[in-house]
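Hello,

I am passing on a structure that may be new to you.

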Amino acid sequence: MSVLGTYVGNVAEAVSVLLSGTGKTDIVTATDDSLTAASVSFANDTAGTVNCYVYWYQARTSTEFLIWVGQVLTKTTDGPTDIPIRLRDGDKIRAIGAASVSVTVISMLNFAMSR
């Protein structure tokens, strides 16, 4: 799958979190309607392959969607490649991995275009 789009905005500061275990961890929480999660990457610096998961929590419906599952090999990085997800106020990107696996989310700030 491939998604192309024109975004008026700018790249937001990347958010990187070192996971502490196999529970869900909030990585990004939108504080308004101007954020699009554009990239998620797991870095596995452990001694073995790790199963990693990315979830999108939609606040307005209180629903959580599993959007990516993958095995990240030792000493590699991996993650979903085509996931631009427009986040609304309260939406979250969450992740599961293993202790010492880090996850990074790069987001775009979206600005309304005037007519």
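Here is what was found in it.

This is a predicted model, so to speak of local features a pLDDT of at least 70 is needed, side-chain atom pairs count only at pLDDT 80 or more, and totals for chains, interfaces and linings use all residues. Residues are numbered from 1 along each chain as its sequence is written, and side-chain values use heavy atoms, with hydrogens and water left out.

The mean pLDDT (the predictor's confidence in each residue, from 0 to 100) is 89, and 89% of the residues reach 70 or more. Strands here are DSSP runs of at least two residues, numbered from the N terminus.

Lys92 lies in E9, which spans residues 92–96. Lys92 is buried (under 20% relative accessible area), at 19%. Its side chain joins that of Asp26 in a polar contact of 3.1 Å; such a contact is a pair of N or O atoms within 3.5 Å, one able to donate a hydrogen and the other to accept it, and residues adjacent in sequence count only if both atoms are side-chain atoms.

Now the strand pairing, where DSSP must find at least two bridges between two strands. Strand E2 (residues 15–18) pairs with E10 in the antiparallel sense over four bridges, and Val15 has Val105 of E10 as its bridge partner. E4 and E10 also run antiparallel, joined by nine bridges; there, Phe42 is partnered with Val103 in E10.

Best wishes

Conventions: Buried means under 20% relative accessible area, exposed over 50%, partly exposed in between (1.4 Å probe, protein chains only).
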